[in-house]
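Please brief me on this model.

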Amino acid sequence: MLLFAATAFFVTSVNLYQNSIQNLKISEETFSTLAVTEIYGEVDKYGELVKPNSEEHIGYQAVGVKGYDIRDILDSGAVESYDLRSHYGAYIEGHPAMWYSPIIQGGGEDIDNWAMRSNNVIRFKIQASKPVILDYIPDDLYNFRREFFCLNVLDDAAGFADYPDHLAYNDFGFNEEEWAAHENEIKELNQTDDTDKLILYPDVEYIGILQFHPSWMWIGELGTWKSHDTGLFDDEFEFATPVQDYQSIRLTYDGSRESREYEESDSPFPIQRMEDVEKDPKLKAYFENIWQDTSVQSYTHNVVATNDVTSVPAFHLGGAALTEGRLITQEEYKKGANVCLVSEDMVKNQKWKIGDKLDMKLFESEYIPDDAAWNLGHQPIYDAEETPFVEEGEYEIVGIYSMYPTAGNAELAPNTLEILPYNIYIPAKSISEERKPEELLIHGSTFSVKLKNGMVENFLEDMEEKGLTERKEGRYEPKFTFYDQGYSAVESGLHSMNSTAKLLLLSSVLLLIVCILVAYFFWQNQRQTVGIFRLLGGTKKQAVLAVLHCALVLTVLGAAAGGILGCGVTNLAGTRIMEENLEELETDMTGAYDMSGFAEQEADIRIQADPLATLGACSATLLYPLFWLGFAAMDINKEPRELLPKGKG
């Protein structure tokens, strides 16, 4: 009974200690602490440092800074790793870049609505027996109008879809000054001196530049795109200026879509007669270049090169999460494996699956694409002269992610917690010539630091020691927002449980004392039996083995019974304690922490009897027969009569 009680207590304490160690390890591996870094300064609208209250000064703002030295931040002993992400465009032949926007029909039924994410260039003829006249009326917010005419599309640069037989005309969005700048071209197009209208003639071939079109649907088993009419006014084609004509796309202070400046070059009129284009070498070269660039632009996707996708704020905070497949492994990041993660939206509109391989041609992108902007914001802009391909490779899809609403700090600059639903994530080292840190934009959405759990205060102390967080004129200052996924909430509870388990391990002393005492008294009880056995002719060996067998039976019975009871106490009482603690922690964490890490960890944090730990604890009762052998060894060589009680020899 003594062995049974001591073993049960020891098994329980060993399992509690084993579980506390395991839970701390799980907590360390599951939770991570991210420092999102925003760079602030007294800047102009382009994020350049200026003197406060100067004419260019717009305020103390969070900005994207190219060339900011991050080494002082990374030198802190609290830093575990960092990720400085770079953006690329990827031409994937055969996979047009589309974005998904469901349309709700009058009956409340959702239909798939896919939109092109670039311009297109078409060659066409009008469907009419007489000229089509399109009057110029400057765009008016209070008097919006469109004219439609029928046409036959002979060819297009994108080359992946069937176009409808009608086209919308809305003056290209030109104001009167912009319209007047093309006066001579309009006359050439009209073949008249009219400049207040456009005249399109039957049997004349034209070339025109179209804006992206938001109404495509899949048809057929092979996945052909076809335009469809949803009955909404904005589902028609329109003429527009091609994205490649925005020669200067300059980021202003924060890099968001509201803060980009586009400088349009002196480009030809968006519609030209093909015969005029063929006769003019300069005009011909322009449209050939635009045609070629558009054919790539139509298949251009957003690529983010990263060293750890879990350092992307949206993934860290639960705004994006893996839904199928797996994440890129640390080994794949280190060796630069050609693997990638894609979104559920991309899987849907490209009909991709895990294991597919994408042949990507990459070119460098200078700004952060934005989901909510029009075509200039949806994609990196390809221009053969300005953005040549820097890498080509076949990337295997290993994981698919989905996006969820994200709660973040309202003080963070725009785009910090956002990601595009069309980002493709690849290991940075898979690109043979990685971009240098000084060439990349340092911004909350591109640069993040992982800290060792529980080291936020140490990190801040390091930054203060270096003077980085001190606001000074003429330099940028980093500001940090920390997301620890709730590690600080669970850390104290898990460490307390570990300390309690260590205290309970003192039961090992109790087990040791019990084994010594039981062995001593058992031998004292058996000395007389051994003495009589030897007087009757039994050998020392036979006597010891006989009693040892008895001791081993007691050991096995005590250990087995104690182990069973110890497991029961561990599973029932321990699990109940953990459930109460987790419920309390979950209540405390809600609203203050991102719950994704906690939800992932909750399934693994538990107190459960471990078979190996239990077996090891039970085997400690073998000390009992060992001690018994020690006591027996001291008396076994004595004469048999000496083993009998005094007065009975």
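**A glutamine and its sheet**

The side chain of Gln272 reaches the backbone oxygen of Phe269 at 3.2 Å. The model is predicted: local features need pLDDT of at least 70, side-chain atom pairs count only at pLDDT 80 or more, and totals for chains, interfaces and linings use all residues. Residues are numbered from 1 along each chain as its sequence is written, and side-chain values use heavy atoms, with hydrogens and water left out.

**Gln272**

- Gln272 sits in strand E21, residues 271-273. Helices (H or I, at least four residues) and strands (E, at least two) are DSSP runs, numbered from the N terminus.
- Gln272 is buried, at a relative accessible area of 6%. Buried means under 20%, exposed over 50%, partly exposed in between (1.4 Å probe, protein chains only).
- Its side chain also makes a polar contact with the side chain of Glu185, at 3.2 Å. A polar contact is a pair of N or O atoms within 3.5 Å; within protein, one must be able to donate a hydrogen and the other to accept it, and residues adjacent in sequence count only if both atoms are side-chain atoms.
- Beyond neighbours within four places in sequence, Gln272 is in contact (heavy atoms within 4.5 Å) with residues including Leu189, Tyr206, Val277 and Phe287.

**The five-stranded sheet**

- Five strands form an open antiparallel sheet in the order E14-E12-E10-E16-E21. Two strands pair if DSSP finds at least two bridges between them.
- Strand E14 (166-169) and E21 are the edges; each has a single partner strand, so one side of each lacks a neighbour in the sheet.
- Neighbouring strands are turned by 45° against each other on average, direction ignored.
- Strands E10 (residues 120-126) and E12 (residues 147-156) run antiparallel, joined by five bridges. Lys125 stands opposite Asn152 in E12.

**Helices on the sheet**

- Helix H4 (residues 183-190) packs on the sheet and touches strand E16 (206-210) and E21; its direction makes about 50° with that of E21. Axes are lines fitted to C-alpha atoms, for helices over the stretch in contact, and angles run from 0 to 180 degrees between N-to-C directions.
- Helix H6 (residues 281-297) lies across E10, E12, E16 and E21, at about 120° to E10.

**Pairings of E26**

- E26 (residues 391-403) runs antiparallel to E23 (residues 320-325), with five bridges. Ala321 has Ser402 as its bridge partner in E26.
- E24 (residues 339-343) pairs with E26 in the parallel sense over five bridges. Val342 stands opposite Ile400.
- E25 (residues 357-364) pairs with E26 in the antiparallel sense over six bridges. Lys361 is partnered by Glu392.
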